[in-house]
Every structure is written in C-alpha cells, then in structure tokens.
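Keep the structure open as you read.

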Amino acid sequence: MIQWVDKLREQRKLQPEELRLLLTEYDAGQLEYINRQAREVCQQQFGNKIYIRGLIEISNCCRNNCYYCGIRKGNPHVKRYRLSEESILACCRQGYDLGFRTFVLQGGEDPALTDERIEKLVSSIRQNYPDCAITLSLGEKSREAYERFFRAGANRYLLRHETFDECHYRKLHPQEMSLPHRLQCLQDLKEIGYQTGTGIMVGSPWQTVENIIEDILYIERLKPEMIGIGPFLPHSDTPLSGYSAGSLELTLLLLSIFRLMHPSALIPSTTALATLSPDGRQRGILAGANVVMPNLSPPDERCNYALYDNKASLGAESAEGLAILQKQLQEIGYEISKERGDSPSQTITKDKS
Ligand code: SAH
C-alpha cells in the first residue's frame, strides 16, 4: 500500500483499482504513513497556519427531508429559529473583533429566506466588512439566485454533493430531491466564479467502497477549491437513527487522499470529526486538513441546529473559545492564521470583492 501512497503524492492521481486497494487494505501504520505524507504536502502549501472561518447558522427551518439530517422538515421535535439580519450582523461584529475574516452563513433551505432577503443580507455584510470573505451554505438555489448573491458580494459556496451514486443518493433522500440537480448547482457555482466547496459524509448508511471511489473521481473532475469531509453521525429523530457513525480512521484516510490529490485545496477538520472523537479536530489537521470553522451563532440557538446527536459547539468549537483552539493547535505545532485565506488559485481576484 505504501507504494500507492507514494504514487498518489507524486502524481496526484491513482487508478480506481489502486484507490480500492488503498481504501480497503490499510492498517494503523499505513494510515499514519499517508497522514504524514498529506501533512507534509499541506505544510509545503500553507506552512503551519490553520485558517479559521466563523460559522453562523442562520436558520434551522428547512423544506427538505433528507433522511440523515436532524433539522429535516419531518422532525417535529426541532425548535425552529431564524436569525434576523440584525442578529447576523451582530455575530459578524463579534467575529470580526475576535479576528475572523471569513463568515460562513449556513442554514436549511428556508422558504422564508427568499433570494431577495439573502441578497440584501450579503450586501449588508459586504458593505460592513469589505475585507472579509462571505461564504454561503444554503443549499440548492436557482442559477439566477446564485448570480445575485455573487454580485451582492458572496465569494464562496459550500454544497456537498453527499454521494455521486444515484442509487445511494436515493436511499439518503426522498423522491422529490434530485442528484442531477445538486450536481447542476455545483456546476453553476463554479461557472459563476464562486470558490466552490463540495464533499461527502464518510460512512453514511449503505455507502460502499465503490461509492467512495466515484466520489473521489467526481471531486477530481470538479476541482473544487474546498473539500468538506466528515463522518456520518446518526440523529435520534431521523429515519437513520439506528445506523452507526462513520469511522474515524476512514475519515482520516480520506482527508489525506484528498490532500494528496488537491494540494492547494481548503479542507476543514470538521465539527463532525471533533464530535466523533475528543481529539478528532487535531487528528484531522494531522491528516492534512488546514481549516477550522468555530461556531459564531448566538449561543442560545446553537443547540437547535442539531444536524446529528451531541454536536459539539462549546470549547474549541466555539468562536469564544478561540484561545482553547489556539492551545490545541499549538500542542501539535500549528497556529491560527487570521488571514482571509482564499484558495491559492483565487488570490488574484481577492481585491475586487
Ligand atoms: N442545507 C445546506 C446545509 C446543510 S448542513 C445544504 O443542503 O448544503 C451541511 C452538511 O452537514 C450537509 O451537507 C451534510 O453533509 C452534513 N450533515 C447533515 N446531517 C448530518 C449527519 N447526520 N451526520 C454528519 N453530517 C451531516
């Protein structure tokens, strides 16, 4: 297996059969080896700096019914909320003062958050924080809506494709949702000029090694600027409550594979990974991740944005806990960067936004 890791580092590419071996034959020593290779590649690009993004969960209302997600429309136990523009701007202010230069607005597909409202929100943030990046993660919208948000000043968009396999997609989503539509959204986002992020949940129910290989190949073709990889974690009020969480090791392996294939990508060590394991955040970075996204949402609402059970939002997961995060990173030889942290291929356009 070591030979495939070396080949992947050198050529940034493997044949599907080679990927299959890598994904199925690894042991603890080999995982450590690939994590180290990925870490070196990451350090060549980014040094020992970790970018921070302030995550603001703007609404937990959603018209969709994804079987894995805790805030799905069909979950009657969710206390629904939607932040006002004023409250979101207050989160940005707090984040800015703490040193954040990227705000990530994430939420369900909330019908009350119309395109007009989102456009206006983005404009206000852009006016108030001309030096910050604005990232949106608000699900599937029309191309026209994405264009409007982009013109209003949004720079980046996160939309995980979740799985590239139609059969697998159908098992995770109800009939009214569509994989081709999600993939079209990603294409539109790229064409419009967003720094685009996609990715998958590792170990989602029914996911096979073949599915993961297809995901890797899809991401290779799309060349997203950002890649979001976290373990599936069950939520007790969803149809998938009985399934087990994704594996820590497989998540770390995939983080390293993506780093070796995409040296300059922005890859977060996710909250889901930190929730799965107490040292998940650090291990993600040691596997090649270079971004963390502490929570800037109003503390009273954080518990209501529960995508899965026991979602971490305190300590190093919180924006207030930046000192704890800094200490955790220092323990493993890294430090927080307060730079805006655009994708290296995109830095030239930075001043225009
Ligand atoms: N509505 C937006 C944001 C979704 S939440 C959208 O459609 O993109 C962001 C991500 O959280 C999802 O893309 C999904 O990959 C992840 N997520 C949702 N439920 C999860 C679960 N039970 N376990 C792990 N990750 C989950």
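## Helix pairs and cores

Helix α5 passes helix α6 in a right-handed crossing, the near helix being turned clockwise from the far one by less than a right angle. The model is predicted, with local features needing pLDDT of at least 70 and side-chain atom pairs pLDDT 80 or more, while totals for chains, interfaces and linings use all residues. Residues are numbered from 1 along each chain as its sequence is written, and side-chain values use heavy atoms, without hydrogens or water.

The axes of α5 (residues 115–128) and α6 (residues 143–152) come within 8 Å and cross at roughly 20 degrees. That makes the two helices roughly parallel (angles under 35 degrees). Contact, meaning heavy atoms within 4.5 Å, involves residues including Ile118 and Val122 of α5 and Phe149 of α6. By class, this contact has 5 nonpolar, 1 polar and 5 charged residues.

Now turn to α1 (residues 2–11) and α2 (residues 16–25), which pack at about 125 degrees with axes 10 Å apart. The crossing of α1 and α2 is left-handed. Trp4, Val5, Lys7 and Leu8 of α1 meet Glu18, Leu21 and Leu22 of α2.

What about the interior? A nonpolar core is a set of buried Ala, Val, Leu, Ile, Met, Phe, Trp, Tyr and Cys residues joined through side-chain atoms within 4.5 Å, buried being under 20% relative accessible area with a 1.4 Å probe, protein chains only. In the largest core, of 96 residues, Leu254 and Ile257 touch the most other members. Helix α10 (residues 248–261) gives the most to this core, with 10 residues.

Terms used:
Axes are lines fitted to C-alpha atoms, for helices over the stretch in contact, and angles run from 0 to 180 degrees between N-to-C directions. Helices (H or I, at least four residues) and strands (E, at least two) are DSSP runs, numbered from the N terminus. Angles under 35 degrees count as roughly parallel, over 145 as roughly antiparallel, 65 to 115 as roughly perpendicular and the rest as oblique. Ala, Val, Leu, Ile, Met, Phe, Trp, Tyr, Cys and Pro count as nonpolar, Asp, Glu, Lys and Arg as charged, and the others, Gly among them, as polar. Buried means under 20% relative accessible area, exposed over 50%, partly exposed in between (1.4 Å probe, protein chains only).
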